[in-house]
Amino acid sequence: MQLDHALRDREPADAPTTAATAARVRWRDHETFKTLFVNPWTYTTGAVVLALLNVALMAATGKAWGVTTSVTYWGAWIWRSLSGDPHAWPYFAEVKPAFNAPGFSFWNDAGSLTNLGMVVGALLAALGANQFRVKKLKSRRQIGAAMLGGLLMGFGARLAFGCNIGDLFSGLPALSLHGWVFLVSIFLGAAAGSKLLVRYFI
Amino acid sequence: MAASGEPQRTLRRIPRTPVVKKERKNQLPYALAVVGLVVAIGYYLAAGLGAPKSAFVWIVGVALGLTLQRSRFCFTASMRDPVLTGGTNLTKAVVVGLAVSTVGFSALQLGAYFKAGQLADAMKLSSLDPVGLHTVVGGVLFGIGAVIAGGCASGTLMRMGEGFLQQWIVLPFFVAGSLIGAATWPLWKVALLVRTDSGVYLPKALGGFVPALLVQFGMLLALWVAADWWGKRGRT
């Protein structure tokens, strides 16, 4: 009876009634499981793990983590499916010739795979921590902010040849100057964006 | 936490522990189903397409998403919070991450360099991209967009997985913005004076790995100290 009460305190939604469910609850409450999958990691732990994964990517493929170039490919593939001809664009010929290589597709583009993996990995982590919840939109302004912010990020990333990942988290530590220039620029942009956010979007 | 749709929170420091309002239904079975999906896609890449490297990249991608979610990592917040709330814990963590990857990347580059004594071999592992006025304009636009949209490139993908509907709207517009950028390349290439060969590799520009790494770690240390000072200043 006492134990039953203790468990009910933790799980008011579905109080365990059988020995089997009680065992499962205890397994989920195990400290190791909680440390890894339920309690948040420190920011520094996260940063170091991200850095090591990035180095592993570079070691295995010769290319570091990047997000936005593949997002551009996605757009170009969609454009192609709408009977456009992105392969004729000077951009891909001059800047990203890989896009025009024969046999190039979503499944052999490292960036596409890591992008999809990031969505799935975050979903997995949220489910494992019992924290997954559909967070609905709260206002029309939020929709406008999402649209405008998305457009600005997409266009800005093309101009800068990358984003906070490709330029900053991969370019800067790989000793490329553009990473440092991007760091200063994105910081200025974020500061300006904060003012806009407070003024117009909250 | 960083979504603009939670205005009452954006002005505060990001809380370290998520506030669980009520106990939800056990989601672990769904988590196991997702693990199954991850393994299935990995198997398809390795065995079906005969591309074990792609399978490895896929698993790293999943690990990246998992890490981002578990540590509540947000590059946008690391840039925004010093301005908005004065908090710099995330900023300092980013600097630590940059230092760790500098060690890893430069080790790989040095390995490539010593094989044949060619700096060009090391440069291949440097994510080298053109640098110039366009980097500044693009970076500023990207920073504004990331703060308004409530997440940068990695944050958008992570929040999509966490269930934020806002980021499901951000992505198609992110794609559209990227496509517009690629389509208008001939225009901004001229307007912003882009030279595709303008990439600067620090060991080449500064005359070797030793000065380059000294400058690199010196700048990172200076950044960390500045962020630490800024964070403490706001607290007292």
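Two residues are in contact if their C-beta atoms, placed from the backbone, lie within 7 Å. In chain B, 61% of the contacts with a separation of 6 or more are between residues 24 or more positions apart.

The model is predicted, so local features need pLDDT of at least 70 and side-chain atom pairs count only at pLDDT 80 or more, while totals for chains, interfaces and linings use all residues. Residues are numbered from 1 along each chain as its sequence is written, and chains are lettered from A and ligands numbered from 1 in the order in which they are written.

Chain B has 12 helices and 0 strands; these are DSSP runs, numbered from the N terminus (helices: H or I, at least four residues; strands: E, at least two). Of its 236 residues, 49% count as buried, that is, with 20 or more other C-beta atoms within 10 Å of their own. B:Gly151 sits in the loop between α7 (133-149) and α8 (153-162) of chain B. This glycine counts as buried because it has 30 C-beta neighbours inside 10 Å.

Chain B is divided into two domains, listed below, with bounds from an automatic or database domain assignment.

| Domain of chain B | Residues |
|---|---|
| domain 1 | 32-71 |
| domain 2 | 73-235 |

The C-alpha centres of domain 1 and domain 2 of chain B lie 25 Å apart. Contacts between them involve 4 residues of domain 1 and 6 residues of domain 2.

Between the chains, 122 residues of chain B are in contact with 119 residues of chain A.

Methods
A residue is buried if 20 or more other C-beta atoms lie within 10 Å of its own, exposed if 12 or fewer, and partly exposed in between; C-beta atoms are placed from the backbone.
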